Every structure is written in structure tokens, then in C-alpha cells.
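These are my notebook entries on one protein, written with the sequence and the structure open side by side. I went through single residues first and then turned to the whole chain.

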Amino acid sequence: MENLQKNKFMYKSPKNRKDNMTLIIGIKLKEGIILIGDRKISTGDEHPFFMDKIEAPIMARVAVGAAGLRDLSKEFNRKIVNQVNSRTAEYRLANIKQFNGTGINFLDAENGKRKDIALPYNYNVENFLDDCSLIIKNLSEIGEEVQQNPIEALVAAHTDKYSLYRIYYNGYKQEGDCFAIGSGSVHIQGFLSQLDFKSLTIGNAIYIGSFLIKYVELMGLDDGVGVEKDRLPQIFLVTDKFAKEYEISKEDTKYILKDVSNKIKKIKKQFTFA
């Protein structure tokens, strides 16, 4: 956190914000990929609500988070789950037809009980990325009259390696080690560019991601970014075994929040306001 305190960041009040306010950070590590997102949903009045923005849509070792116009983000989350369900059912039916009449028990192959039998049709990470890309592109065409960059997404996956992708509004997929998306991302890019990803542990990444989201919230840089009181941002971990929400004890949560709050109070005193 020392580097952040030394930098002369400018404080800018939020203005002309639309309802795409969010912040999701993705960091690729040796041990896995961390996705960390705020939970605040702005409604245009003084009563926002809070919900998760990162999901693991049925597939193993894959997680995705979308940032954009509120209704488009909700539609993306709904459509990608429906698409995965539809595609998996379609591939399963194709496999059943392929094994029909062969005398081979399809369920043994599907459940991995027969290692000598490979399923001819599989819905894989490449298919998932393509589906995410197409949905993002289609939704952007709907929302581009409201905003120039109406929706984008982060996808974390493990296949034979760890992969982190940013999917832009036009469907373009960019692979990298660290991304931040959403309206709050502009305020933390300078700090993210200083990170040494090779030396980060899962614990380091959780602390840094939580700090940056609370930083944007507590500094008032984006009034659409935030989490509930006494709660950390949503944290999702993708490893070579699973993709699931990372659980942190109440004691560790209290410690992180207190430490982060104290650091941000110190930073506030050093800021040049504009």
C-alpha cells in the first residue's frame, strides 16, 4: 500500500454517471485466478441494493463477471446460464445418439467410469468464451445508443493452464494477467500496473482487490461502487479443481476491513483535490 500513498492521484467527483457503475478485478496467480467484485446496484435514488456480480455458470473451473448498464448485466447473467444449459443438453443428446446401438453404457463414459471411452461432443471453455463474446456483442448493439461501452466481462478459467480474459463490448477477447472492468476501473489502473503478479499469493490478491474496491468507495470516486457495511467484496477463486466463492472468516474480514479503512484515512490526508 506504500506505493499507492506516494502517488499523487487526483480526486474527481462523480458526474454524469449512468447506471453501469461497478468494479470487478481479475488477477491471475500461480495458485489460481481471483475475481473480486463490488456488490452495489444503483437504482437512481438513495436506496441502492446489493447483489453478487460474479458467477460460475454450471461449468467446472470457470467463472464470469459482467460490468455495464444494470439491465444489460442482469440480462447477460441470465442468458449465459441459459446458454450453458442449452448447449450442455444439446451436446449430451448428441453423445447419446452417438453411443446408441453400440452396446456401450453412455453414463459410464459421461461419469468418467470408463477412461477408455472419450465423449465425441463436449462443451468446453472455448465454446463458453465464444458464447460470452457473442452475448456481450449482441447486448452492446442494444445498449450502444445509451452508452458507448454498455457492457463487458471478465472470464477466469482453468483448462491445461490458467487463463484470464477480458471481453470487450464488441466481442473482442483479450487474454492477460490482470484486468479491471466497470466504471470504477479508471481510478485504480495506475496501481494495478505496478503489481508484481508472480510474487502475489491468494491472500495478497484478496487484500489488494478488497482494498482497491473499498478505496474507490470510501474516497467517493464512484458512487455506484460499494459493498454492505462490515462485508468484503465478492471474492471468487478459480483453481485446477474448482470455481467457487472464497470464504473468509468473520475475524479475518474484520481485520481486513479495519486495516483497509485505516490506510485509506491516511491516504485521504495526502490527496490533492480537484
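I looked up I202 and found it in helix α6, where helices (H or I, at least four residues) and strands (E, at least two) are DSSP runs, numbered from the N terminus. I202 is buried, with a relative accessible area of 13%; buried means under 20% relative accessible area, exposed over 50%, and partly exposed in between, with a 1.4 Å probe and protein chains only. Leaving aside neighbours within four places in sequence, I202 is in contact (heavy atoms within 4.5 Å) with L29, E31, I34, L237 and Y246. I also noted I27, which is 175 residues from I202 along the chain, with 9.5 Å between the two C-alpha atoms.

On provenance, I note that this is a predicted model, in which local features need pLDDT of at least 70 and side-chain atom pairs count only at pLDDT 80 or more, while totals for chains, interfaces and linings use all residues. Residues are numbered from 1 along each chain as its sequence is written, and side-chain values use heavy atoms, with hydrogens and water left out.

Next I went to the loop between α6 (202-218) and β12 (234-238), where D230 lies. Phi of D230 is near 65°, a positive value in a residue other than glycine. For background, most residues other than glycine have a negative phi. D230 counts as exposed at 63% relative accessibility. K229 is found in the loop between α6 and β12 as well, and K229 counts as exposed at 74%.

A pocket here is an open set of points on a 1 Å grid over the protein atoms alone, where a 1.4 Å probe fits, with protein on both sides within 12 Å along at least five of seven lines; lining residues have an atom within 4 Å of a point. I recorded a volume of about 200 Å³ for this second largest pocket, a volume being the space filled by probe spheres set on the points, which are joined across faces, edges and corners.

I then checked Y169, in the loop between β9 (162-167) and β10 (173-175), and at 36% relative accessibility Y169 counts as partly exposed. Beyond its neighbours within four places in sequence, Y169 is in contact with residues including I136, K137, S140 and N149. Y169 and N149 are 20 residues apart in sequence and 6.0 Å apart in space, C-alpha to C-alpha.

S185 sits in the loop between β11 (178-181) and α5 (189-192), yet S185 counts as buried at 9% relative accessibility. Not counting residues up to four places away in sequence, S185 touches L23 and A180.

For the cysteines, I found C132 buried with a relative accessible area of 0%, and C178 buried at 18%. The count of disulfides (pairs of cysteine sulfur atoms within 2.5 Å) comes to 0.

Last, the whole protein: I recorded 7 helices and 14 strands, and buried residues make up 49% of the 274 residues.
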